Amino acid sequence: MTKSSVQATSSPSSRKIIHIDMDCFYAAIECRDDPSVAHLPVGVGGESGRGVLTTCNYRAREFGCHSAMPVFKARQLCPQIILKPVRFEAYRAEARKIRAIFARYTKLIEPLSLDEAFLDVTGHPEFAWKIARQIRQAIREETGLTASAGIAPNKMLAKIASDWRKPDGQFAVLPKDIATFMKDLPVRKLWGIGPKSAALLEEQGVRTCGDLQEWPIPRLIGFFGQKWGNTLHELARGKDERPVEIHRPRKSLSTEMTLPKNLETLEECEALLPELLETLEEDMTRMIERKPFRKIFLKLKFADFRTTTCERPATNLDRSAFAELLREAFGRHAEAVRLVGLGVRFPEAVEVPNKQLVFPFFDR
Amino acid sequence: MKITINRDNFSSGLQQVLNLVPTKPQMPILGNVLIVTEDDGIALTTTNLDLGIRCRIKAEVSEPGQITLPVRRLANIVRELPHSEVSFETDDDHQAKLRSGGSSFKVMGIGEEEFPALSTLESEQTVVLPQLELADMLRSVSYAQSADESRFILNGVYFKLSDQKLTVVATDGRRLAVHSKEIEQGGEKEGSFILPAKTVAELLRQLNRDDNITITFTERQAAFEIGVGKESGGLLGNVYMVSKIVEGSYPNYQQVIPKETHQRIKLERELLLQCIHRAALVTSEKSNTVKMEISPNHLEISARSAEFGEAHESIAIQYDGPKIAAAFNPVFLMDPLKALPQDDVFFEIKDDLSPGVFKTLDDFLCVVMPLRLN
């Protein structure tokens, strides 16, 4: 009966959405806590596991370093890079402070990860632009960190906008500017369009959202499938009605890899497991609250775009269990594999019962 | 010892003391009943160390003595004996011999010296009242006791004696029931104690005779002398119960009783109970809620759950105040309605986050905290 998500009650067209994105969040915290390295190229991560950067600061980015880059490559590009170990507890603590700042302006907060969140400030009398500036200022004063903000009538545009004046800046897409803004926006910027889809579209002569707007719905559906085709038709026009959801109980967490070349053998697929597993573990560490999962699953997409998923109950990430799932999934179709994904499923969120109030003496 | 006793009297005496004996006692002696001869009968005593009970029944004593015997086994045997006259005798080896008609039983016992004696309370704190009145009072509050053992202070009924009144109180933190009564004998005394839930249940089982009860209490124990009245079924004098009390201080319950009445409606108790009961048929474990909404001349009771659906019940009332609604756990509304004997009850309500209060023309009230709807 009760839906656990609370949605903005205002009509979609009049919404004021802010997307706040912390600038190089982890690296910024490391530089703040060790000012002696703040002016140097700093990367976070890379000490353990398969050795990739979790993130790096702007100084390191000038050398071409970026997140998810293998450490050896980062060192080639920037031999003097300083590597700091990952301290998720410290990052979580800052994330909590930042969320408390958001809460001063609205209850409608949808965190996407530790370092970014959507805020629906439709109900706030102040201009969203001014709220975003106040929030960024409070974050700077209270945590010593900088944030960028995007302001728009919906989530997709707000997220694109927060990237526009990064770092430490803000940008607004006003309703009257949406059409112009979308026309020249590269399709790659759209939510859900990865490098591979972008490349496929490029082959079709589509580079900007303006190009994509030329496609009628049947063509989009023919290319992307029923559901995704319809969604893209909206997104390409800057329309996005998704509400800012405050508790979106995470049902699963997964990571997947679209392969540069389709894989023909089980062994080739198996060789991907360690890296995927490590990414999955890392993603789980980044959740603001770690929670136990109850199932693991593995997904394969075949050369003919058919998808299959195998799952089994499990409470830990055991490589051999994933290998067994892979064997099962691989055996289902005699096709080459173009995508492998791993994930975990969390227990269903229980319906929140009405709260029984108690006498004051009982609370103590 | 050697006695002759009526089978049915013996059986009903054993039934009086049987209830508090656990089926698996922590010590064998606690599974036994102590039988002691007196001038005109025998005394039967059992205890579980927290609560002890003793009754006296008529018997012809030809040789005094005492013994302890397994009470459940003995009660089963006595009930089944073929003849109404039973001869009962013991030997030095703690064995009892029962003869009735053509039946004869030998039952193994334990020496009476091992049996923990019931204490007799020496206290000035004594109050006397008709036992049926106390039964009414206890019934009207006992459902509100807490069953949560981590809140042991609330696992009982609070007895308070002051201002010529006896007050009994029970709460589990979500509802509170209070019932007071003027006391004629002993009402000038002051004092209080918390009677454990199990003793309350046993007391309610005993309080069914047209006679008085005398309550005596100290800082550690409370004792009850329950008169057996005229139709006694062989019982003599009174049934004596002595119980430990819950140690600790009871919360200041008065602070949760609303001081002012905002809106009050008068309702037929039976009708209200039936309506809530019906509405609650569609509730689920997850949404165990009924909504009470009063508007001019109308009370609507409604419930809904995702799994089962909706229910709406309407009752005509005399009311011309503002529209008010609040949601409650249906059980918390039905419990007092089931326990009360009155035809009419009053229900008081303020808003959706304030408690609802049942009252009767007697000195009774039950405060029920609402549910906040998500």
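Student: How many salt bridges does the structure hold over all chains?
Tutor: The structure holds 44 of them over all chains. Keep in mind that this is a predicted model.

Student: Start with A:Asp21. Which residue does A:Asp21 form a salt bridge with?
Tutor: The partner is A:Lys166. The closest N and O atoms are 3.6 Å apart. The pair links distant parts of the chain, 145 residues apart. A:Asp21 sits in strand 1 (residues 17–22) of chain A. A:Lys166 is in the loop between helix 6 (155–162) and strand 8 (170–172).

Student: Is A:Asp21 buried or exposed?
Tutor: Buried. The relative accessible area of A:Asp21 is 13%, and the cut-off for buried is under 20%. A:Lys166 is partly exposed, at 24%.

Student: What about A:Glu324 and A:Arg312, how far is N to O?
Tutor: The distance is 2.6 Å, and their side chains meet in a salt bridge. A:Glu324 lies in helix 14 (residues 319–330) and A:Arg312 in strand 11 (residues 307–313) of chain A, so the bridge ties together parts twelve residues apart in sequence. A:Glu324 is partly exposed at 38%. A:Arg312 is partly exposed too, with 28%.

Student: Over to chain B. Where do B:Glu313 and B:Arg278 lie?
Tutor: First, the contact: B:Glu313 forms a salt bridge with B:Arg278, with the closest N and O atoms 2.9 Å apart. B:Glu313 is in strand 21 (residues 309–316) and B:Arg278 in helix 5 (residues 269–279) of chain B, so parts 35 residues apart in sequence are tied together.

Student: And why does B:Glu313 count as buried?
Tutor: Because its relative accessible area is 14%, and buried means under 20%. B:Arg278 is partly exposed, at 38%.

Student: Which residues do salt bridges that share partners join into one network?
Tutor: The network joins A:Glu30, A:Arg32, A:Asp33, A:Arg87, A:Glu94 and A:Lys97.

Student: New topic, surface charge. Which residues form the negative surface patch?
Tutor: B:Glu133, B:Asp136, B:Glu182, B:Glu184 and B:Asp362. One of them, B:Asp136, is found in helix 3 (residues 131–142) of chain B. B:Asp136 is partly exposed, with a relative accessible area of 37%.

Student: And which residues gather in a patch of positive charge?
Tutor: B:Lys2, B:Lys97, B:Arg99 and B:Lys106. B:Arg99 belongs to strand 8 (residues 95–100) of chain B. At 40% relative accessibility, B:Arg99 is partly exposed.

Student: Where is B:Gly111?
Tutor: In the loop between strand 9 (103–108) and strand 10 (126–130) of chain B. B:Gly111 is buried, at 3%. B:Leu69 is 42 residues away in sequence, yet the C-alpha to C-alpha distance is 8.9 Å.

Student: Last one, B:Leu154. Buried or exposed?
Tutor: Buried, at 4% relative accessibility. B:Leu154 is in the loop between helix 3 and strand 11 (156–162) of chain B. B:Leu154 and B:Pro196 are 42 residues apart along the chain, and their C-alpha atoms are separated by 8.7 Å.

Technical notes. Residues numbered from 1 in each chain as written. Chains lettered and ligands numbered in written order. Predicted model: local features only at pLDDT ≥ 70, side-chain atom pairs only at ≥ 80, totals over all residues. Heavy atoms only, no water. Patch = residues over 30% accessible without salt bridge, like charges linked within 9 Å, V, L, I, M, F, W, Y side chains within 5 Å. Areas by Shrake-Rupley, 256 points an atom, 1.4 Å probe, with all protein chains shown as cover. Salt bridge = Lys/Arg side-chain N within 4 Å of Asp/Glu carboxyl O. Lys, Arg positive; Asp, Glu negative; His and termini not counted. Charge placed at Lys NZ, Arg CZ, Asp CG, Glu CD. Helix = DSSP H or I, 4+ residues; strand = E, 2+ residues; numbered from the N terminus. Buried < 20%, exposed > 50% of the residue type's maximum accessible area, 1.4 Å probe, protein only.
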